[in-house]
Amino acid sequence: LFKDQARKHLPPGPRGWPILGNLSQVAGESQIWHLFDKWKYEYGALTYLNLFGKDFIVINTREAALELLERRSAMYSDRPRFYVLEYIGGEMAMPFAKYTKAWQNMRRATHEVLHNQAAQSYHPVQTEEAIILAHKLLFDSSLTLREKINGSAAIVLSVVYGKRSLSIGSEELPKPTVDNSDSPDSDLLLTSDPLQSLSNIGHRFTSSGYPGSYLVDVFPILDYFPAFMAKWKSDAIRDRIRVGSFFQRYYDDAAQNDKHRSSLCAKLTDTKLASGLTIEEKAWVAGITSVAGLETTSTTLSFFLYAMCLNPEIQHRAHKELDYVIGRSHSPMFADMKNLPYIRAIVKEVLRWNPALPVIVPRKASEDDWYKGHFIPKGAAMMLNLWSMNYDTDVYGPDVKEFRPERFLQQCEKTGEYILKPEFENEDGHSSYGFGRRKCIGRYIADNALFIDMSTILWALNIEAVASDKPVVQKKVLDTINPIPDFQCKLTPRFRGVDSVLQQLRDEVAQAREE
Ligand code: HEM
């Protein structure tokens, strides 16, 4: 009786159909965050949806996310059941696993190599990668823009697998044996390019946690079908085995051969640090950390180039800052970071303007709870709508759709120069890394990589939009990863002599690595 009373106070939401509830409104909806954003203006901080009898609540504001996921984090750190995600290895994959002892062990071990201080030890290699990226963008016509950016985001692989796998080209990674025998579409997951395979694995996971992507999540009775009668199940079981052995090969190789012993894999061989983890779990920790870092960083870098194409005057301001602080004889370094507030503001604004993950695979409410007079039933799936948090006009003002780094800056009264607003020295200024106990564990590595990549590209290159008759196409995908729009840009040297400086810096990196 009490429950029935309480359910009268569920958060507001769109009217649904009898029995189906709101299922037909969300199933098959591409880039669902735009629909959630529309509903946010109608229903407020929380939107309630009934998906065929299942409680589904969208968290739309940062204030609500901080209260529920941070202050009451013990109640909101678990994940609801997604059948396909589970069959493809969700329990072994930290970002998707349930809130168990095994997840805690994985998170603790990963924290050791990714925390703020540890992240600083990767500054030299990140600086080298930024030079390689700028060099490739300028000189290498054999690769697509996307391939070049992916290669640079592969810096995460050197954190995970060690210096050996540094991404001058993905050719440096040991190639997995491609097993195409079992299914016609198996090579959609694992290809001969390891970076592409990691990216495919990421999409396989994130799309399996997308609302309404598989009927079995709505009708769990379908799980009783044996694998030979249910293609979704046999595919998922096959993929789990393939992904597991792919991760295992790389882990074994790095655990034995990383001479510097600084990689995540080498550290995982330390029994104290990795206590409670089986060999298989260690391989998954390493593999899934690469997956989690790769696509997110490369997506963000692509949106950066897109933003620069759309906003030449912002690029011009960034160039002025770089000329003033760095000059033209050497490329930016981490030591320059504090003197480059405009670039730091660009990093924050790209992450706000187009978060790599606008919504996240849901958390689960472990207990009945209340938020501002609204009832949250135990077991409800709680989806974080990071997009609306980043587009909140109450927080950012009416120009949220514009790309405007100045929102993070203030003018110094004495000199008239821009400085970062004090609150953003240590605050992200966006919600794109999530909240609470499951907040992105790689955010320090990501922030550093984005800073050095963006500043080096801006220092060396002019980024121009290429006029095209075709309109920019926003892809339609059922996935939580923000699809990069189809756009073309032209990259040219920004000042006379920069090509030879870049060539020299690139040669020095290559030589140092050979040694
Ligand atoms: C621009 C870059 C990145 C963005 C926008 C991003 C965003 C996120 C978000 C939103 C989450 C989910 C948090 C939640 O469930 O509340 C997450 C989790 C995670 N991220 Fe990142 N990430 C980025 C880069 C990285 C990098 C470089 C790494 C690794 C070096 C990484 C490793 C992880 C891992 C392992 C998790 C799962 C954490 C857990 O469940 O405990 N991420 N990330």
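This report walks through a predicted model, from its domains to its ligand shell, a few helices and some single residues.

Let's start with the overall layout. Where the two touch, domain 1 puts in 35 residues and domain 2 puts in 40 residues.

On the domain 1 side of that contact, the elements giving two or more residues are helix 2 (23–26), helix 3 (32–43), helix 4 (62–71), helix 5 (83–87), strand 3 (359–364) and helix 18 (386–390).

## Around the ligand

Now for the ligand. There are 29 residues around it, and the ones that come nearest are Gly293, Thr296, Gly434, Cys440 and Gly442. By class, the shell holds 17 nonpolar, 9 polar and 3 charged residues.

Which helices each supply at least two residues of that shell? They are helix 6 (101–114), helix 10 (155–161), helix 15 (279–310) and helix 21 (443–460). Helix 15 gives the most, with 6 residues.

## Helix 21, mostly under cover

Helix 21 turns up again here, this time for its own geometry. It has 18 residues and runs 26 Å from its first C-alpha to its last, close to the 26 Å expected at 1.5 Å a residue. Most of helix 21 is covered, with 15 of its 18 residues buried.

Arg437 belongs to the loop between helix 20 (423–426) and helix 21. Arg437 counts as partly exposed, because it has 16 C-beta neighbours inside 10 Å. Setting aside residues up to four places away in sequence, Arg437 touches Ser73 and Ser77. Tyr418 is another story: it is 19 residues from Arg437 along the chain, and their C-alpha atoms are separated by 34 Å.

## Helix 22, a helix with two sides

Helix 22 (residues 498–514) has 17 residues and reaches 24 Å from first C-alpha to last, close to the 24 Å expected at 1.5 Å a residue. Its buried residues are Leu502, Leu505 and Val509. Looking down the axis of helix 22, these buried residues fall within an arc of 65°, so they line one face of the helix. Behind this sits a general rule: an α-helix has 3.6 residues a turn, so residues three or four places apart point the same way.

What covers that buried face? Among the elements over the buried residues of helix 22 are helix 8 (123–139) and helix 21. Over on the other side of helix 22, the exposed residues are Ser500, Gln504, Asp507, Glu508, Gln511 and Glu514.

## Helix 4 and its cover

Ala64, Ala65, Leu68 and Leu69 are buried in helix 4. They take up an arc of only 95° around the axis, so they sit on the same side of helix 4.

The cover over the buried residues of helix 4 includes strand 1 (46–51), strand 2 (54–59), strand 3, strand 4 (369–371), strand 6 (381–385) and helix 18.

## Trp284, a buried residue in helix 15

Trp284 lies in helix 15. Is Trp284 buried or exposed? It is buried, because 26 other C-beta atoms lie within 10 Å.

Leaving out neighbours within four places in sequence, Trp284 is in contact with Gly89, Met92, Ala93 and Phe247. Phe246 is 38 residues from Trp284 along the chain, and 9.5 Å separate their C-alpha atoms.

## Two residues with positive phi

Most residues other than glycine have a negative phi. Phe52 isn't a glycine, yet it has a positive phi of about 50°. Phe52 lies in the loop between strand 1 and strand 2, and it is partly exposed because 19 other C-beta atoms lie within 10 Å.

Lys372 also has a positive phi, about 45°, without being a glycine. Lys372 sits in the loop between strand 4 and strand 5 (374–376). With 11 C-beta neighbours inside 10 Å, Lys372 counts as exposed.

Key:
Residues numbered from 1 in each chain as written. Predicted model: local features only at pLDDT ≥ 70, side-chain atom pairs only at ≥ 80, totals over all residues. Near = placed C-beta within 6 Å. Helix = DSSP H or I, 4+ residues; strand = E, 2+ residues; numbered from the N terminus. Nonpolar A, V, L, I, M, F, W, Y, C, P; charged D, E, K, R; others polar. Expected span 1.5 Å × (residues − 1). Buried ≥ 20, exposed ≤ 12 C-beta atoms within 10 Å, placed from the backbone. Arc of directions from axis to C-beta. Contact = placed C-beta atoms within 7 Å.
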